[in-house]
Amino acid sequence: MLFAGWQKADDATTLAALANPTLPLFEKAFVPADASIPDSTGTGIIGKVEVASYRSGGVTLKTTADQPAVLRACEKFMPYWTATLDGKPAPLFRCDYLFQGIFVPAGQHEITLTYAPKMPTFKAQIACAALFLIALVALLIEKLRPAP
């Protein structure tokens, strides 16, 4: 969804507001107090969001809006997600405490969200798997060796 209204707030304020049953739904999104985006210029849901492609570890969205907005993607915010806006890196922030958010200027844009874990973690997993296989082969060789 594209929100024309957003409010900068700390975690406690965001959670208290979202827990309030009288909060009007879909009027504004809550973004971190330190998000480097301009102040809100409107309220409610605006524009159009279209899924251009969706695959494991990534999604490409096409947006259209006549004013600046915050895109709230219903994907859990995690540190290894990155975003591009029209092919250029864009800051990704937590939106409504749990989801991913990105500031989108007015107009038509293509946004790509990609899950890219750091390579050292992946390399460590490969190394552990290799050590396990070596140990397994060594045990099999020992078992298959004829008794003296």
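Colleague: Which residues have the most contacts inside the largest nonpolar core?

Modeller: Bear in mind that this is a predicted model. Its largest nonpolar core has 18 residues. Strands β6 (58–65), β7 (69–76), β8 (81–85), β11 (99–104) and β12 (107–115) each supply at least two residues of this core. Those with the most contacts inside the core are Leu2, Leu71, Ile102, Ile111 and Leu113.

Colleague: In what order do the elements run from the N terminus?

Modeller: The protein has 2 helices and 12 strands. Read from the N terminus on, the order is β-β-α-β-β-β-β-β-β-β-β-β-β-α.

Colleague: What is the radius of gyration of the protein?

Modeller: For 148 residues, a compact globule would come to a value near 15 Å. The C-alpha atoms here fill a box of roughly 85 × 35 × 25 Å along the principal axes.

Colleague: What percentage of the residues is buried?

Modeller: A residue counts as buried when its relative accessible area is under 20%. The accessible surface of the protein comes to about 9,600 Å², with 64% of it belonging to carbon and sulfur atoms. Of the 148 residues, the buried ones make up 28%.

Colleague: How far apart are the mean positions of the positive and negative charges?

Modeller: The protein has 13 positive and 12 negative charges. Between their mean positions the distance is 11 Å.

Methods
Residues are numbered from 1 along each chain as its sequence is written. This is a predicted model: local features need pLDDT of at least 70, side-chain atom pairs count only at pLDDT 80 or more; totals for chains, interfaces and linings use all residues. Side-chain values use heavy atoms; hydrogens and water are left out. A nonpolar core is a set of buried Ala, Val, Leu, Ile, Met, Phe, Trp, Tyr and Cys residues joined through side-chain atoms within 4.5 Å. Buried means under 20% relative accessible area, exposed over 50%, partly exposed in between (1.4 Å probe, protein chains only). Helices (H or I, at least four residues) and strands (E, at least two) are DSSP runs, numbered from the N terminus. The radius of gyration is taken over C-alpha atoms; the globule rule is 2.2 Å times the number of residues to the power 0.38. Accessible areas come from the Shrake-Rupley method with a 1.4 Å probe; for residues, only the protein chains shown count as cover. Lys and Arg count as positive and Asp and Glu as negative; His and the chain ends are not counted. The place of a charge is taken as NZ of Lys, CZ of Arg, CG of Asp or CD of Glu.
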